[in-house]
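Q: Could you walk me through this structure slowly, starting with the words I need before the details?

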Amino acid sequence: MVAELTALRDQIDEVDKALLDLMAKRLSLVAEVGEVKSRYGLPIYVPEREAAMLASRRNEAAQLGVPPDLIEDVLRRLMRESYSSENDKGFKTLCPTLRPVVIVGGKGQMGRMFEKMLTLSGYQVEILDKGDWDRADTLLSSAGMVIISVPIHLTEEVIARLPTLPEDCILVDLASIKNRPLQAMLAAHSGPVLGLHPMFGPDSGSLAKQVVVWCDGRQPEACQWFLEQIQVWGARLHRISAVEHDQNMAFIQALRHFATFAYGLHLAEENVQLEQLLALSSPIYRLELAMVGRLFAQDPQLYADIIMSSESNLALIKRYYHRFGEAITLLEKGDKQAFVHSFNQVKHWFGDYADHFMQESRTLLRQANDRK
């Protein structure tokens with residue numbers, strides 16, 4: 001038995017080595033693709049190409065008796081690595097006449113990411129950080145673009161502190177709330193204004209497939225090249241008004257972060273043994289717990305700023321608290337029929353997305369379980 005297993009395992013090792021050689025060859029070809037895209041200003045992420053390629057490989061896998069989900073998982077992981085490596089090839093400069101870009105707060109994580117991407121795209125980038133304001137007039141007097149990348153609670157203050165910018169300078173902010181910073185920029189600068197919200201963390205490594213929300217400020221035609229440059233980096237753009245953005249972020253960020261904060265606070269106050277929770281966790285609970293822990297590994301000031309950024313956020317959280325109380329009443333009454341009725345109401349509201357999210361979550365759970 002041992003000899004038979006050893007022989008089979010040796011063959012598996014040989015196949016694994018062949019797979020590694022093929023992966024290395026694929027990554028080498030991807031590097032060449034990146035060079036071509038860089039020369040011609042093509043985006044590193046083309047959803048149509050990716051979808052068509054995955055569909056073909058799934059069909060071919062099925063014909064060979066290989067689970068289609070397996071080949072898709074492998075290819076998606078390879079493509080993620082490929083997108084990151086394509087960053088190193090640089091990007092075409094879509095506005096070669098642009099004067100220097102100044103990133104205010106450029107030593108922060110998001111500021112550094114934009115500095116990296118702009119530099120890879122051939123732009124001259126200068127940093128204006130909190131200890132550099134004695135040089136502000138000099139740095140900003142000839143700027144072609146100024147990007148505000150500071151904590152939310154400082155954004156409006158920093159915008160108001162800016163000296164007079166050149167008339168054609170593009171003023172941009174990266175805050176996760178948009179209406180008040182956008183109004184502050186419009187008041188401080190008479191030239192082009194653009195509001196951006198990168199919907200990802202600075203540790204993402206690549207902008208491929210990431211969403212960048214943008215809000216019109218003033219003179220959108222002057223900002224169009226920058227939006228196209230962001231697409232070249234691989235990001236997907238979503239346009240929305242600043243007011244609608246903040247209304248949606250109240251749910252996506254403020255309410256969600258507060259609920260996570262409250263759950264983490266409850267676990268800590270109950271003094272639960274985290275190691276035992278992990279040992280007994282199903283894949284879905286481990287993933288949920290990981291998302292809670294992720295919040296507490298980050299800057300508390302950031303989340304305080306997001307949650308407390310407006311009175312409307314507080315009102316929404318209070319409504320959530322009220323509905324939580326209503327749900328507890330169902331438990332106190334032992335009213336299973338009312339619980340099922342409420343459950344089905346929410347299921348109806350989700351519609352087809354409920355089944356879609358079930359399928360999507362299965363993939364995430366398999367990946368989470370693989371990490372154990």
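A: Let us begin with a term: helices (H or I, at least four residues) and strands (E, at least two) are DSSP runs, numbered from the N terminus. The model is a predicted one, in which local features need pLDDT of at least 70 and side-chain atom pairs count only at pLDDT 80 or more, while totals for chains, interfaces and linings use all residues. Residues are numbered from 1 along each chain as its sequence is written, and side-chain values use heavy atoms, with hydrogens and water left out.

Q: OK, how many helices and strands are in the protein chain?
A: The protein chain holds 15 helices and seven strands, and its C-alpha trace spans about 80 × 65 × 35 Å along the principal axes.

Q: And what share of the residues count as buried?
A: Of the 372 residues in the protein chain, 35% count as buried, where buried means under 20% relative accessible area, exposed means over 50%, and partly exposed lies in between (1.4 Å probe, protein chains only).

Q: Now the sheet: in what order do the strands come?
A: The sheet is open, its seven strands follow the order β2-β1-β3-β4-β5-β6-β7, and the pairing is mixed. Strands count as paired if DSSP finds at least two bridges between them.

Q: Which strands stand at the edges?
A: Those are β2 (125-128) and β7 (236-239), and each has a single partner strand, so one side of each is left without a neighbour in the sheet. From one strand to the next, the twist averages 25 degrees.

Q: What holds paired strands together, in general?
A: Strands of a sheet pair through backbone hydrogen bonds, and they do this either parallel or antiparallel.

Q: Let's take β1, then. Which strands does β1 pair with?
A: Strand β1 (residues 101-104) pairs with β3 (residues 145-148) in the parallel sense over four bridges, and valine 101 has methionine 145 as its bridge partner in β3. β1 also pairs with β2 in the parallel sense, again over four bridges, with isoleucine 103 standing opposite isoleucine 127 of β2.

Q: Where do the side chains of β1 point?
A: Val101 and Ile103 point one way from β1, Val102 and Val104 point the other way, and all are buried. As a general rule, the side chains in a regular strand alternate between the two faces of the sheet.

Q: Switching to helices: at what angle do α9 and α13 cross?
A: The axes of α9 (residues 242-270) and α13 (residues 311-333) cross at roughly 60 degrees and come within 10 Å. Here axes are lines fitted to C-alpha atoms, for helices over the stretch in contact, and angles run from 0 to 180 degrees between N-to-C directions. The angle makes α9 oblique to α13, since angles under 35 degrees count as roughly parallel, over 145 as roughly antiparallel, 65 to 115 as roughly perpendicular and the rest as oblique.

Q: Which residues make that contact?
A: Among them are Phe251, Leu255 and Phe258 of α9, along with Leu316, Ile317 and Tyr320 of α13, and contact means heavy atoms within 4.5 Å.

Q: One more thing, is glutamine 229 buried or exposed?
A: Glutamine 229 counts as buried, because its relative accessibility is 0%, and this residue lies in helix α8 (residues 220-232).

Q: What does glutamine 229 touch?
A: Leaving out residues up to four places away in sequence, glutamine 229 touches Phe91, Lys92, Thr93, Leu94, Ser121 and Tyr123. The side chain of glutamine 229 also reaches the backbone nitrogen of leucine 94 at 3.1 Å.

Q: And asparagine 271, where is that found?
A: Asparagine 271 is found in the loop between α9 and α10 (274-280), where this residue is exposed, with a relative accessible area of 58%. Asparagine 271 also has a positive phi of about 55 degrees, although it is not a glycine.

How values were computed. Polar contact = N/O pair within 3.5 Å; in protein donor to acceptor, adjacent residues only side chain to side chain.
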